Amino acid sequence: MCLIGDIHGRADLLGAMFERIGAEPESGRARVVTLGDMIDRGPDSAHVLAMLQAAQMSNPARMICLMGNHERMLLNFLISPDRNTVRWLKVGGDATLRSFGLTPPDPDRPDPEALDALRMDLAHAIGPDLLAWLDARPAMWREGQIAATHAGADPYHPLERQSPDALLWGHPRFVSAPRRDGVWIAYGHWVVEQPFAESGRIALDTGACETGVLSAAWIDRKGLRFLQVQG
């Protein structure tokens with residue numbers, strides 16, 4: 001299997017990672033999991049979503065795309081574009097709007113009528129099929145003793161009893177307390193200088209948008225190793 005960290009609108013790096021995965025001897029049978037935060041900050045969120053939707057729908061058993069907190073923020077904005085959800089624009093949503101051909105408003109002076117119009121324009125630009133696909137992204141995936149979420153999990157609770165906030169936004173105990181069930185959690189959300197695997201945690205967000213480095217964990221019968229592409 002291959003688990004890919006936060007992409008954040010870097011379609012170039014996603015394409016390069018797909019090529020890198022394709023060079024692996026067993027790539028044809030490998031399951032690929034993206035860990036959420038497909039969008040925002042980078043220049044090509046619309047393209048990233050199109051690439052991942054096409055890949056996932058063409059082979060749903062082999063391609064898993066998880067939801068991250070940035071996808072959740074976009075969906076919340078579409079549901080209720082108000083002073084709370086407009087925060088999405090300040091943390092990278094403005095770049096996603098531009099990728100869909102829309103002009104971001106001033107997030108410090110939100111006009112309710114303008115935001116409502118923007119909500120409708122964005123929903124139209126995304127389109128019903130892609131929007132339904134995005135809304136259906138799961139927050140967690142598991143195979144054996146490997147689980148994947150966007151931001152980790154509360155180590156005090158079984159994986160089937162995790163709150164959405166813990167999976168999408170993180171939990172303070174995740175980095176300080178080990179899990180007792182022996183499950184390794186692959187996650188993004190928290191930017192690290194280099195990917196690592198220790199104490200039941202596999203950290204894979206190397207800040208693709210800022211650093212130009214997209215990281216992934218390749219796991220097979222020989223163990224775990226990291227794949228990286230740069231752009």
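**View 1. Strand β5, helix α7 and strand β6 form a right-handed β-α-β unit.** Right-handed means that, with the strands pointing away from you, the path from the first strand over the helix to the second runs clockwise. Helices (H or I, at least four residues) and strands (E, at least two) are DSSP runs, numbered from the N terminus. This is a predicted model, where local features need pLDDT of at least 70 and side-chain atom pairs count only at pLDDT 80 or more, while totals for chains, interfaces and linings use all residues. Residues are numbered from 1 along each chain as its sequence is written, and side-chain values use heavy atoms, leaving out hydrogens and water.

View 2. Two strands pair if DSSP finds at least two bridges between them. Look for Ala-148 bridged to Ala-186 in β6. Ile-146 in β5 is the bridge partner of Glu-143.

**View 3. Arg-137 is buried but has no salt bridge.** That would take a side-chain nitrogen of Lys or Arg within 4 Å of a carboxyl oxygen of Asp or Glu. Glu-71, the nearest side chain of opposite charge, is 9.1 Å away. Instead, look at the backbone oxygen of Trp-133, 2.8 Å from a polar atom of the Arg-137 side chain.

Key:
Buried means under 20% relative accessible area, exposed over 50%, partly exposed in between (1.4 Å probe, protein chains only). Lys and Arg count as positive and Asp and Glu as negative; His and the chain ends are not counted. A polar contact is a pair of N or O atoms within 3.5 Å; within protein, one must be able to donate a hydrogen and the other to accept it, and residues adjacent in sequence count only if both atoms are side-chain atoms.
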